[in-house]
Amino acid sequence: MAYWLFKSEPSTWSWQQQVAKGEVGEEWDGVRNYQARNFMRAMSCGDRGFFYHSQTEKAVVGIVEVIAEAHADSTTSDERWECVDVKAIASAKTPVTLATIKADLRLSEMVLVTNSRLSVQPVTEAEWQIVCELGGLPAS
């Protein structure tokens, strides 16, 4: 299993909206960055990801699971853009803020710290364990 982080502005797509989709989940559409798209192409069903609220909150607020591998993004006719589908798995007991992540030296190499603009990014297993611990999230 691989681990990822998916960033969304709460005003565009919030954790509450993701949770409301239930088992059917939702496309992680609208990504228009080649590197982020390529990360989605590398995902497999069952991979887990942090759901991160960007903009004002700047915090990991939950965990999602990839339920459909990369396919055409339904929000565009441009064949270059693909997305995966994800469903909500667990809400963070305590949102893990960007400030908390940056303050934890064990997370200093996390892509969220070194390239915070990337909307879909990989997370190492060690980083996954640490952020889950900080947020009261199930690590597996």
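Strand β2 pairs with strand β5 (residues 82-97) in the antiparallel sense over two bridges, where strands are DSSP runs of E of at least two residues, and helices runs of H or I of at least four, numbered from the N terminus, and where two strands count as paired if DSSP finds at least two bridges between them. Within this pair, E27 stands opposite D85 in β5. Helix α5 (residues 125-135) packs on the sheet and touches β1 (3-8), β3 (48-53), β4 (59-72), β5 and β6, contact meaning heavy atoms within 4.5 Å. The direction of α5 makes about 45 degrees with that of β5, the axes being lines fitted to C-alpha atoms, for helices over the stretch in contact, with angles from 0 to 180 degrees between N-to-C directions.

The model is a predicted one, in which local features need pLDDT of at least 70 and side-chain atom pairs count only at pLDDT 80 or more, while totals for chains, interfaces and linings use all residues. Residues are numbered from 1 along each chain as its sequence is written, and side-chain values use heavy atoms, with hydrogens and water left out.

The sheet as a whole is open, with six strands in the order β2-β5-β4-β3-β1-β6 and mixed pairing. Because β2 (26-27) and β6 (120-123) stand at the edges with a single partner strand each, one side of each is left without a neighbour in the sheet.

How many disulfides are there? The count comes to zero, a disulfide being a pair of cysteine sulfur atoms within 2.5 Å. The sulfur of C45 lies 13 Å from the closest cysteine sulfur, in C83, which is too far for a bond, and that of C132 lies 20 Å from its closest, in C45, again too far.
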